[in-house]
Amino acid sequence: MATTTISHQAIGSIVSHNRPFKASLFLKEPLNVPMKLSPKRFKIEATASQVIDNTVLSPSKNKPFESKKRSNEAALILIRHGESLWNEKNLFTGCVDVPLTQKGVGEAIEAGKKISNIPVDLIFTSSLIRAQMTAMLAMTQHRRKKVPIILHNESVKAKTWSHVFSEETRKQSIPVIAAWQLNERMYGELQGLNKKETAERYGTEQVHEWRRSYEIPPPKGESLEMCAERAVAYFEDNIKPELASGNNVMIAAHGNSLRSIIMYLDDLTSQEVTSLDLSTGIPLLYIFRDGKFMKRGSPVGPTEAGVYAYTKRLAQYREKLDEASLN
Ligand SMILES: O=C(O)[C@H](O)COP(=O)(O)O
């Protein structure tokens with residue numbers, strides 16, 4: 001296994017995308033992080049979140065809310081955030097933290113209606129406000145009326161001070177985990193530039209390569225491949241185990257971090273992923289069963305029968321919701 005050295009300065013720059021991290025958590029010594037080369041991609045086996053203990057924590061490790069139920073299937077919902085103020089202005093955004101427009105707020109609410117009958121046990125978002133707004137707004141529409149609560153594990157004090165003391169209240173909550181690894185691809189020197197003007201300056205083909213190719217990074221930014229190294233590693237280490245435990249998960253993230261995750265779920269080639277483009281605010285449903293991901297498209301509405309026919313558990317859940325609303 002090859003070993004690469006990540007300096008504390010590099011770790012510092014990785015964690016600086018995540019607002020809650022504190023300088024005191026930065027490492028004093030360089031780290032030797034083992035890396036394994038897989039045929040399709042590099043997998044970073046020790047992610048920054050694992051290295052910096054007690055920062056980004058999985059709920060199963062901490063049991064902050066409900067105890068686990070066992071099932072061999074689970075639902076996975078992916079949502080790209082609603083329109084942001086820079087989507088509206090057609091600017092490259094990347095890791096710049098801009099909020100949703102009013103249209104984006106509406107898109108998030110509409111997305112929430114479409115998935116309002118699908119039980120969500122756990123939410124993952126990026127550390128960027130547009131993804132977090134989308135997740136929260138979508139959950140305002142949910143029939144289960146559980147309250148999404150952002151877990152603050154960035155320091156012992158943050159964790160202690162946000163503790164919920166009622167077991168009953170905890171049961172009525174959905175943990176929300178914010179992870180910088182799910183952030184948008186870092187767009188380098190394109191961040192803040194207008195997409196149309198950039199295409200006029202550098203040529204449509206060049207800009208298309210920067211935006212959609214797998215290997216080619218934008219100037220001083222991340223390629224999709226580099227974005228996949230962190231996003232897919234995070235998915236495998238923190239999200240897949242939750243699905244394997246039978247927890248239904250929603251991920252609210254970004255065009256490119258989600259493209260890299262979809263590439264992994266659908267086993268797309270680097271060629272195929274170039275034509276994958278995600279619209280803002282459209283939820284996508286996957287069923288995880290027996291270790292495999294099955295794509296189920298986008299639920300068209302809360303009453304769409306098809307979604308509930310995918311799994312027995314979802315159908316039973318839907319029945320219970322209907323019974324409860326009749327009583
Ligand atoms: O970061 C951005 O500018 C967008 O959210 C995604 O941009 P793209 O469609 O150019 O990849």
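Start with the largest nonpolar core, which has 31 residues. Select Leu-76, Phe-124, Leu-182, Phe-235, Ile-239, Leu-243 and Ile-251, the members with the most contacts inside this core. The model you have open is predicted.

Now color by element. Two or more residues of this core come from each of β4 (73-80), β5 (122-125), α11 (224-244), β8 (249-253), α12 (255-265) and β9 (283-289). Which element gives the most? It is α11, with six residues. In soluble globular proteins, nonpolar side chains tend to be buried together.

Center on Phe-235 next. Leaving aside residues up to four places away in sequence, Phe-235 touches Leu-76, Lys-240, Pro-241, Leu-243, Ile-251, Ile-261, Tyr-264, Leu-265 and Phe-293. Three of the residues with the most core contacts, Leu-76, Leu-243 and Ile-251, are among these partners.

Then pick Ala-111, Ile-123, Ile-174 and Met-250. They belong to a second, separate core of 16 residues.

**The ligand**

The residues around the ligand are Arg-80, Asn-87, Leu-91, Phe-92, Thr-93, Gly-94, Glu-184, Tyr-187, Lys-195, Arg-211, Arg-212 and Asn-256. By class, this shell divides into three nonpolar, four polar and five charged residues.

- Arg-211: an N or O atom of its side chain is 2.6 Å from an oxygen atom of the ligand.
- Tyr-187: here an N or O atom of the side chain is 2.7 Å from a ligand oxygen.
- Asn-256: a polar side-chain atom lies 2.9 Å from an oxygen atom of the ligand.

How much of the ligand does the protein cover? On its own, the ligand has 320 Å² of accessible area, and the protein covers 97% of that.

Most residues other than glycine have a negative phi. Two residues here are worth a look.

Go to the loop between α4 (85-88) and α5 (102-114), and select Asn-90. Asn-90 is not a glycine, yet its phi is positive, about 60°. Is Asn-90 buried, partly exposed or exposed? Asn-90 has a relative accessible area of 33%, so it counts as partly exposed.

Move on to the loop between α12 and β9, where Asp-267 is found. Phi of Asp-267 is also positive, near 55°, and this residue is not a glycine either. Asp-267 counts as exposed because its relative accessibility is 54%, and the cut-off for exposed is over 50%.

Technical notes
Residues numbered from 1 in each chain as written. Predicted model: local features only at pLDDT ≥ 70, side-chain atom pairs only at ≥ 80, totals over all residues. Heavy atoms only, no water. Near = heavy atom within 4 Å. Polar contact = N/O pair within 3.5 Å; in protein donor to acceptor, adjacent residues only side chain to side chain. Areas by Shrake-Rupley, 256 points an atom, 1.4 Å probe, with all protein chains shown as cover. Nonpolar A, V, L, I, M, F, W, Y, C, P; charged D, E, K, R; others polar. Core = buried A, V, L, I, M, F, W, Y, C linked by side-chain atoms within 4.5 Å. Buried < 20%, exposed > 50% of the residue type's maximum accessible area, 1.4 Å probe, protein only. Helix = DSSP H or I, 4+ residues; strand = E, 2+ residues; numbered from the N terminus. Contact = heavy atoms within 4.5 Å.
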